[in-house]
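Hi everyone, thanks for coming. Today I'd like to walk you through some aromatic rings and the strands around them. Let me put the structure up on the screen.

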Amino acid sequence: QERSQQVQRYRARLSPGDVYVIPAGHPIVVKASSDLSLLGFGINAENNQRNFLAGEEDNVISQIERPVKEVAFPGSAQDVESLLKNQRQSYFANAQPQQRER
Amino acid sequence: SSESGPFNLRNRNPLYSNKFGKFFEITPEKNPQLQDLDIFVSSVEINEGALILPHYNSRSTVVLVMNEGKGHLELVGHKSEQQEQRE
């Protein structure tokens, strides 16, 4: 079975009191339209690692070796690395593209 | 904190924090009560107009309970086999 698996996007509007289940290994993003407060309960928590796909700290994509980046992405390793460097914040960032900082 | 009494998530320093948000977390490694249940608890505050950058948990499935505010969530998964068959 060499069928390539298709990616599926799931989106939800957040309302107070709602509950969402985030399965292990599934990437997630939360954007706040007003000040937001969430509680998380993680099962199978022992040795869990939170891996980020953007930002400076704990970003697993920037930890990939250069030659591997070269073959994994369409751009060159240099292109990929300079793209990854653009997001200088870690963990939380501004979600409003029009209001540029710096 | 090796006590067996109640504990407060926000009594310790946040795991992640900047001007866009704060992330508090207590893991089983740090609390024997949580170790018994193999559960972590976290409290996340995201400021208006900000986001938590895309990430995933390596082992843990997380139940998120929305406490206050408004926002959007986006999750990436694979199409299930049932969905594929229907197409």
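Let's start with two residues from the two chains: Phe52(A) is buried, and Tyr16(B) is buried as well. Please keep in mind that this is a predicted model.

Now, which residue forms an aromatic pair with Phe52(A) at 5.1 Å centre to centre? That is Tyr91(A), in an edge-to-face pair with 70° between the planes. Phe52(A) sits in strand β5 of chain A, while Tyr91(A) is in the loop between α2 and β6 of chain A, so this pair ties together parts that are 39 residues apart in sequence. Tyr91(A), like Phe52(A), is buried.

Phe52(A) also pairs with Tyr16(B), again edge-to-face, with 5.6 Å between the centres and 85° between the planes. This pair crosses between chains, going from strand β5 of chain A to strand β1 of chain B.

Ring pairs join Phe52(A), Tyr91(A), Tyr16(B) and Phe23(B) into a cluster. Over all chains, the count is four aromatic pairs.

Let's follow Tyr16(B) into its strand. Its bridge partner in β2(B) is Phe23(B), and β1(B) and β2(B) pair in the antiparallel sense over three bridges. Both strands belong to an open sheet of six, in the order β2(A)-β5(B)-β4(A)-β3(B)-β2(B)-β1(B), with antiparallel pairing. Where are the edges of that sheet? They are β2 of chain A and β1 of chain B, each pairing on one side only. On average, neighbouring strands here are turned by 20° against each other, direction ignored.

One last stop: Arg50(A) lies over the face of Phe40(B), 5.4 Å from the ring centre.

Notes: Residues numbered from 1 in each chain as written. Chains lettered and ligands numbered in written order. Predicted model: local features only at pLDDT ≥ 70, side-chain atom pairs only at ≥ 80, totals over all residues. Heavy atoms only, no water. Phe/Tyr/Trp six-rings, centres within 6.5 Å; stacked < 30°, edge-to-face > 60°. Helix = DSSP H or I, 4+ residues; strand = E, 2+ residues; numbered from the N terminus. Buried < 20%, exposed > 50% of the residue type's maximum accessible area, 1.4 Å probe, protein only. Lys NZ or Arg CZ within 6 Å of the ring centre and 35° of its normal. Pairing = 2+ DSSP bridges. Axes fitted to C-alpha atoms, helices over the stretch in contact; angles between N-to-C directions.
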